[in-house]
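Hi everyone, thanks for coming. Please have a look at the sequence and the model on the screen, and then I'll walk you through them.

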Amino acid sequence: MHNLQTYLLECYVFVDDYFQTHPRVASWRCSNNDDPAFTDAEVIVIALMQGYFRTDTLKRTYQLVVANTEGAFPDRSGYKQWIRRLKRMPDQVGRLVRAAALRGLADETRRLYVADSKPIPLCEPFATQLGTDASSFWTPTGRSSA
């Protein structure tokens, strides 16, 4: 079983190598601060640690990374700035997922397991469609309060 430092290093090397070999993907910023001290690879690696820690939220993942990886991210930003940066990189994350999938399929085992934890809403709740609060439809006795 990999320890935390090994997992961090493997993730960072994969993400950073991808950005080094695909400079157009990495150079998406159009501002004066286009080379921040806390790199995009580090931003993404912290998010990837969610699988290692098996947490439900990115906020909890960030907290666990901060608590358990002292010195790993010396220029790390605060949670709000980190999540804001992460949310501005869906294209980069998508390309990394594709690269990881292709790498996994190129392996001898050629097995790839994908799980998506975000539910897809198929319809709006009935009460929302009517423009009313759901509590007006149900009470603990099972009768309408209206």
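I'll start with the overall layout and then visit a few residues.

A word on the source: this is a predicted model, where local features need pLDDT of at least 70 and side-chain atom pairs count only at pLDDT 80 or more, while totals for chains, interfaces and linings use all residues. Residues are numbered from 1 along each chain as its sequence is written, and side-chain values use heavy atoms, with hydrogens and water left out.

So what is the chain built from? Its secondary structure comes to seven helices and zero strands, and from the N terminus on the elements run α-α-α-α-α-α-α. Helices here (H or I, at least four residues) and strands (E, at least two) are DSSP runs, numbered from the N terminus. The chain has 146 residues, and 27% of them are buried. Buried means under 20% relative accessible area, exposed means over 50%, and partly exposed is in between, with a 1.4 Å probe and protein chains only. Now for contacts, meaning heavy atoms within 4.5 Å. Among those between residues at least 6 apart in sequence, 59% join residues at least 24 apart.

Let's go inside. A nonpolar core is a set of buried Ala, Val, Leu, Ile, Met, Phe, Trp, Tyr and Cys residues joined through side-chain atoms within 4.5 Å. The largest one here has 26 residues, and Val 15, Phe 19, Ile 44, Ile 46, Phe 73, Trp 82 and Leu 86 are those with the most contacts inside it. Which helices supply at least two residues each? They are α1 (4-21), α3 (40-53), α4 (58-68), α5 (79-87) and α6 (90-106). The largest share, eight residues, comes from α3.

If we leave aside neighbours within four places in sequence, Leu 86 is in contact with Val 43, Ile 44, Ala 47, Leu 58 and Val 93. Ala 47 from that list sits in helix α3, and at 15% relative accessibility it counts as buried. Ala 47 and Trp 82 are 35 residues apart along the chain, yet their C-alpha atoms are separated by 9.5 Å.

Next, a pair of helices. The axes of α1 and α6 come within 11 Å and cross at roughly 105°. Axes are lines fitted to C-alpha atoms, for helices over the stretch in contact, and angles run from 0 to 180 degrees between N-to-C directions. That makes α1 roughly perpendicular to α6, a label for angles of 65 to 115 degrees; under 35 counts as roughly parallel, over 145 as roughly antiparallel and the rest as oblique. On the α1 side we find Phe 14, Val 15, Tyr 18 and Phe 19, which meet Gln 92, Arg 95, Leu 96, Ala 99, Ala 100 and Arg 103 in α6. These residues divide into seven nonpolar, one polar and two charged.

A polar atom of its side chain lies 2.3 Å from the backbone oxygen of Val 65. Apart from neighbours within four places in sequence, Thr 69 is in contact with Leu 4, Gln 5 and Leu 8. Leu 8 is 61 residues away along the chain, with 9.1 Å between the C-alpha atoms.

Arg 54 counts as exposed, at 74% relative accessibility, whereas Thr 55 counts as buried, at 14%. Arg 54 also has a positive phi of about 55°, although it is not a glycine. Neighbours within four places in sequence aside, Thr 55 is in contact with Gln 50, Arg 60, Thr 61 and Leu 64.

Terms used. Polar contact = N/O pair within 3.5 Å; in protein donor to acceptor, adjacent residues only side chain to side chain. Nonpolar A, V, L, I, M, F, W, Y, C, P; charged D, E, K, R; others polar.
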